[in-house]
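Please consider the following structure together with its sequence.

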Amino acid sequence: MGLGWWIILLVVAFLVVTLLCAPLRVHLNSISNSYFVSWGDVLFLHTRLAADDVYLDASFFGLTKSFSMVELASSPKKKKKEQRKIKRNKMNASFFRAVLRSIRINHLYVNVDFQSVFWNAWLYPLGYIFSRPRVTCRTNFEGKNEIVLDVMNRPIWLVNQVIKQQVKTSNHAKRRRNAE
């Protein structure tokens, strides 16, 4: 193999490792109406709310494109070719728990009003009891419902949890077969 192939192989390996370690981030803020999803500096999706439309700004490696949801919904749809059904693996609840365990909560702020004095008064002290440094739960009596959610995950953490789950599932199946 020539030197050029080694350089290409190293560049591809570097890109794969970088993308696996790049943070996936979801930020939802109902107070300032800011909602975005990002994958490191590679992909960035941001929504802007207007009076009669929702705009989606997409950035891929610095190239930005804006979309209007009304335009996307009203564009003519292409006919899909009939595809044969693909048999999918069933995913159980333990798989979803493993995926959720890989997510890191950077900030969660919930401020709700249940429009009931009884429920607000009952849940008001619970919000303070269950609040943590990164998680804040509040109950207000002003009619405001606000949420701020900022979570992060890395694809390598997700792959790690999926591999652990597959190993656990295969070991469980082997034990069941050996028991029979």
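The dialogue below takes up cysteines, salt bridges and a surface patch.

Mentor: This is a predicted model, in which local features need pLDDT of at least 70 and side-chain atom pairs count only at pLDDT 80 or more, while totals for chains, interfaces and linings use all residues. Residues are numbered from 1 along each chain as its sequence is written, and side-chain values use heavy atoms, with hydrogens and water left out.

Trainee: How many disulfides does the structure hold?

Mentor: A disulfide is a covalent bond between the sulfur atoms of two cysteines. The criterion applied here is a pair of cysteine sulfur atoms within 2.5 Å. By that criterion, the number of disulfides in the structure is 0.

Trainee: Is cysteine 137 buried, partly exposed or exposed?

Mentor: Buried means under 20% relative accessible area, exposed means over 50%, and partly exposed lies in between (1.4 Å probe, protein chains only). Cysteine 137 has a relative accessible area of 25%, so the class is partly exposed.

Trainee: How many salt bridges are there?

Mentor: Side chains of opposite charge can pair when their charged atoms come close. A salt bridge requires a side-chain nitrogen of Lys or Arg within 4 Å of a carboxyl oxygen of Asp or Glu. Under this rule, the count of salt bridges is 3.

Trainee: Which residue forms a salt bridge with arginine 25?

Mentor: The closest N and O atoms of this pair are 2.7 Å apart, and the partner of arginine 25 is aspartate 150. The pair links distant parts of the chain, 125 residues apart, with arginine 25 in strand β1 (residues 24-29) and the partner in strand β8 (residues 146-153); strands are DSSP runs of E, at least two residues, numbered from the N terminus.

Trainee: Is aspartate 57, which meets arginine 48 in a salt bridge, buried or exposed?

Mentor: The N to O distance in this salt bridge is 2.8 Å. Arginine 48 is partly exposed at 37% relative accessibility. Aspartate 57 has a relative accessible area of 16%, so the class is buried.

Trainee: What is the area of the nonpolar surface patch that includes Leu9?

Mentor: Such a patch joins nonpolar side chains (Val, Leu, Ile, Met, Phe, Trp, Tyr) within 5 Å, from residues with over 30% relative accessible area and no salt bridge. Leucine 9 is partly exposed at 46% relative accessibility. Together with Leu3, Trp6, Ile7, Val11, Phe14 and Leu15, Leu9 makes a patch of about 750 Å².

Methods:
Helices (H or I, at least four residues) and strands (E, at least two) are DSSP runs, numbered from the N terminus. Patches are made of residues with over 30% relative accessible area and no salt bridge: like charges are joined within 9 Å, nonpolar side chains (Val, Leu, Ile, Met, Phe, Trp, Tyr) within 5 Å. Accessible areas come from the Shrake-Rupley method with a 1.4 Å probe; for residues, only the protein chains shown count as cover.
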